[in-house]
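Q: I have a model open and want to learn to read it. Where do we begin?
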Amino acid sequence: MASTLHSFASAADLAGSLADKVADSLSAAIAARGTASIAVSGGSTPKVFFQALSTRDIAWDKVTITLVDERFVPADNARSNHLLVDANLLQNKARAARFLPLYQDAASAEEAARIATEKTKAISSPFDIVILGMGGDGHTASFFPGGSNLAKALDASTPRGIITMEAEGAGEPRLTFTFSSLEDAALLVLHIEGEGKKDVLAKAEGSGDEAEMPIRAILRRATSPVEIYWAP
Ligand SMILES: O=C1O[C@H](COP(=O)(O)O)[C@@H](O)[C@H](O)[C@H]1O
């Protein structure tokens, strides 16, 4: 499916514009179905966007928020994506939203993935909105190059839900929604910032194996158009 690049002069401009777009999409879903869903990324990029989105005046009590991926660490760990969402998105007006975490207090990441898959079945499919990020190695969600479960995660026939991932570049074991869970969102966004990420994107858009740069799976095979939001 095609992608469209939306470029902004600054990260603040991008955050405001993306927050408006997401708020409009959530409101449209609520008007159509009574509820709305959004799966967001962690990492360093989304903080300012989260802060902007949290102030938007929509029916947040009808919105379910979850993560596209998470580290297998509790929510009070500084590297937790849940912590980032708590501190920046589940604030202001967005405090009224329901948050479904991927991390579960389980004996293993595999058990946590199984529990999280069950719990997130309460969210209707497809997601209304998915916001992906991208690492400098071409990973997105926790689809890491060399990842232990990468082939399964990227296989379009792997069911919706959460699986585990371990990889050298990932730090802790990870929990990640599968490709099939994310690729058909009504609004599918790739949010990246910096010249370095633009170069990584250009490389990913070229030829090469998906396993080397897993973002290629989204760019090449997502059934929804990919809206790329970029700022320097
Ligand atoms: O590990 C992760 O990294 C990516 C990208 O993060 P960034 O710090 O380069 O913005 C992120 O999209 C993903 O959700 C996160 O778990």
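Predicted model: local features only at pLDDT ≥ 70, side-chain atom pairs only at ≥ 80, totals over all residues.

Q: Which residues of helix H7 are buried?
A: Burial is a neighbour count: a residue is buried if 20 or more other C-beta atoms lie within 10 Å of its own. In H7, residues 195–205, that picks out Lys197, Leu201 and Ala204. Down the helix axis these buried residues fall within an arc of 60 degrees, so they line one face of H7.

Q: What covers the buried residues of H7?
A: The cover includes strand E9, residues 187–193, and helix H8, residues 215–221.

Q: Step back to the whole chain. How many helices and strands does the protein have?
A: Eight helices and 10 strands. The radius of gyration is 16 Å, close to the 17 Å of the globule rule for 232 residues, so the protein is as compact as a globular protein of that length. The C-alpha atoms fill a box of roughly 45 × 40 × 35 Å along the principal axes.

Q: What share of the residues is buried?
A: Of the 232 residues, 47% are buried. Among contacts with a separation of 6 or more, 73% join residues 24 or more positions apart.

Q: Which residues does UniProt list for the isomerase domain?
A: Treat a record as a label, then check the coordinates. The unreviewed UniProt entry lists residues 10–221 as "domain: Glucosamine/galactosamine-6-phosphate isomerase". Over that range the chain is 36% helix and 17% strand. The end C-alpha atoms of the range are 29 Å apart.

Q: Which residues surround the ligand?
A: Read the shell by position, then by class. By position, the shell includes Ser41, Gly42, Gly43, Ser44 and Thr45. Val68, Asp69 and Asn81 also belong to the shell. Gly133, Met134, Gly135 and Ser142 are in the shell too. By class, the count is two nonpolar, nine polar and one charged.

Q: Where is isoleucine 123, and is it buried or exposed?
A: Isoleucine 123 is in the loop between helix H4, residues 109–120, and strand E6, residues 129–132. Isoleucine 123 is buried, because 21 other C-beta atoms lie within 10 Å.

Q: What does isoleucine 123 touch, leaving out residues up to four places away in sequence?
A: Its contacts are Ser37, Thr64, Thr66 and Leu100. Take threonine 64: 59 residues apart from isoleucine 123 in sequence, yet 7.5 Å apart in space, C-alpha to C-alpha.

Q: Which residues does the cis peptide bond join?
A: Serine 125 and proline 126, with omega about -5 degrees. Proline 126 is in the loop between H4 and E6.

Q: What is the phi of asparagine 92, and what is that of alanine 141?
A: Both are positive, though neither residue is a glycine. For asparagine 92, phi is about 50 degrees. For alanine 141, phi is about 45 degrees.

Q: Where do asparagine 92 and alanine 141 lie?
A: Asparagine 92 is in the loop between helix H3, residues 81–88, and strand E5, residues 98–100. Alanine 141 is in the loop between E6 and helix H5, residues 150–154. Asparagine 92 has 16 C-beta neighbours inside 10 Å, so it counts as partly exposed. Alanine 141 has 30 other C-beta atoms within 10 Å, so it is buried.

Methods: Residues numbered from 1 in each chain as written. Helix = DSSP H or I, 4+ residues; strand = E, 2+ residues; numbered from the N terminus. Rg over C-alpha atoms; globule rule 2.2 N^0.38 Å. Buried ≥ 20, exposed ≤ 12 C-beta atoms within 10 Å, placed from the backbone. Contact = placed C-beta atoms within 7 Å. Near = placed C-beta within 6 Å. Nonpolar A, V, L, I, M, F, W, Y, C, P; charged D, E, K, R; others polar. UniProt positions renumbered as here; feature names shortened; annotations may be inferred. Arc of directions from axis to C-beta.
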